[in-house]
Amino acid sequence: MRRDVWYAFIYEVIALYKFIREFGPADGDQSVSHVYGAYKGKERATTYAINGTARLQALQFMRKVLEDPIKLVQFSYLQNAPYGDIVCQALAVNCWGGQLVTKFTEGSSQGLRAPSNEASESSSHMFDIDGSVYLWKWMRSPSWASSASAAFWKNSSVRQGVVLSKNLVVADMTLVERAAITCKEKYREVEKTQATIDAAMLEGIPSNIDLFKELVLPLTVTAKTLDKLRRWEEPHLTAAFLGFAYAIIFRNLLSFIFPTTLMILAAGMLLLKGLREQGRLGRYFGKVTIRDQPPSNTIQKIIALKEAMREVEKYLQNLNVSLLKIRTILLAGQPEITTEVAFVLLISSAVLLIIPFKYILAFLLFDFFTRELEFRREMVKRFMSLLKERWDALPASPVVVLPYEGDKTRAPNQTKEIDDIAKPESIQSSN
């Protein structure tokens, strides 16, 4: 914990200088003299950082530091906090803003504008709640052009209380307080979202596999239904599906499938949203439920992990072999097979160029839904066995494994020392 606190101190200093570089005037900027008290902006920002580090150090002495000490130092926290850029902007206006001493112009006819709803434009100055001016030429950070910044500064001129100073307002809040409260609300939303993500993170390979199966259940049901249609287990449903599909193909309605799917998906989502708002879906609608795994000891977990790694290794080996065989075909490792594959590709390209696509799609659909019928079953089996034989007979590209380079860089005397150390150990183990 002490190391984390010191890291927070160092990171706060870095964040302070980053804040001054992005939101403060440049070094040697003469426009600082046009705004009363702007030359003290760096001191004010440094004071904020010093107060934050002192508060963190006091909590450390009291042993009441949070798990993440960076949350207690403001500039470091605002680097990654939601709505943090807007808080930094409010702090910049608070630090460098002040009353305009002389009329300020910069190469154009743009002068000082009165506070209005257009004060959020990038070409105008920013005003604090007491009328303090933050010059537009100091806005070097890209965050000033964001939509959140525009919305915040558009409503910054609304006053409901008595303004005594930029840091003291009766019956209202200062700009820094408004930005900080909004940042706190946004952070609570992020915490709620992160809590749901943490709850979904399960430990153990079997539990994650069960969760994955539950999540892809709609796709699994769709695949099983399509397989039933392909096998003609219910002939009337298969015939109706084929009739509908061929009607779409030959009436040139394929271009409407994707937009119609999106419309149906959007309508279903809005319908579920309405039912959820009305309370008709129940409390547990949408929650994923899986069974917990039976208790196991350490040895069983190690064995299960070893079997899972073996399955992954086997899958990777098969994938590598397939890629090596495809490499052999592409690089003419077997000229005869390469010629055959190239000839098939040329015929396919000629067919796609000559015959309209809807007829090709209709033929592929007919082929897919007639493979399990009696008059084609044996022919399909013979064709698939022929392809499997040709694929198994195809050699893979040779793989050369070079020796480990670290063995070459090892000095001979180091090798001798290692051998001398290993000899007594081998003798002792034999005794």
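## A chat about the core and a helix pair

Visitor: Which residues touch the most other members in the largest nonpolar core?

Guide: In this predicted model, they are Phe-19, Phe-75, Trp-96, Tyr-134, Trp-138 and Trp-144, out of 37 residues in that core. A nonpolar core is a set of buried Ala, Val, Leu, Ile, Met, Phe, Trp, Tyr and Cys residues joined through side-chain atoms within 4.5 Å; buried means under 20% relative accessible area with a 1.4 Å probe, protein chains only.

Visitor: Which helix gives the most to this core?

Guide: Helix 4, with nine residues. Helices here are DSSP runs of H or I with at least four residues, and strands are E runs of at least two, numbered from the N terminus.

Visitor: What is Tyr-134 in contact with?

Guide: Leaving aside neighbours within four places in sequence, the partners of Tyr-134 include Phe-23, Ala-92, Trp-96 and Trp-144. Contact means heavy atoms within 4.5 Å.

Visitor: New topic: how many helices and strands are there?

Guide: The protein chain has 16 helices and four strands. Of its 431 residues, 23% count as buried.

Visitor: At what angle do helix 9 and helix 13 cross?

Guide: Roughly 170 degrees, with their axes coming within 10 Å. Axes are lines fitted to C-alpha atoms over the stretch in contact, and angles run from 0 to 180 degrees between N-to-C directions. That makes helix 9 roughly antiparallel to helix 13, a term for angles over 145 degrees.

Visitor: Which residues of helix 9 make the contact?

Guide: Among them are Thr-238, Phe-241 and Tyr-246, meeting residues of helix 13 that include Lys-358 and Phe-366.

Visitor: How should I read the numbering and values?

Guide: Residues are numbered from 1 along each chain as its sequence is written. Local features need pLDDT of at least 70, side-chain atom pairs count only at pLDDT 80 or more, and totals for chains, interfaces and linings use all residues, while side-chain values use heavy atoms, leaving out hydrogens and water.

Terms used. Parallel < 35°, antiparallel > 145°, perpendicular 65-115°, else oblique. Buried < 20%, exposed > 50% of the residue type's maximum accessible area, 1.4 Å probe, protein only.
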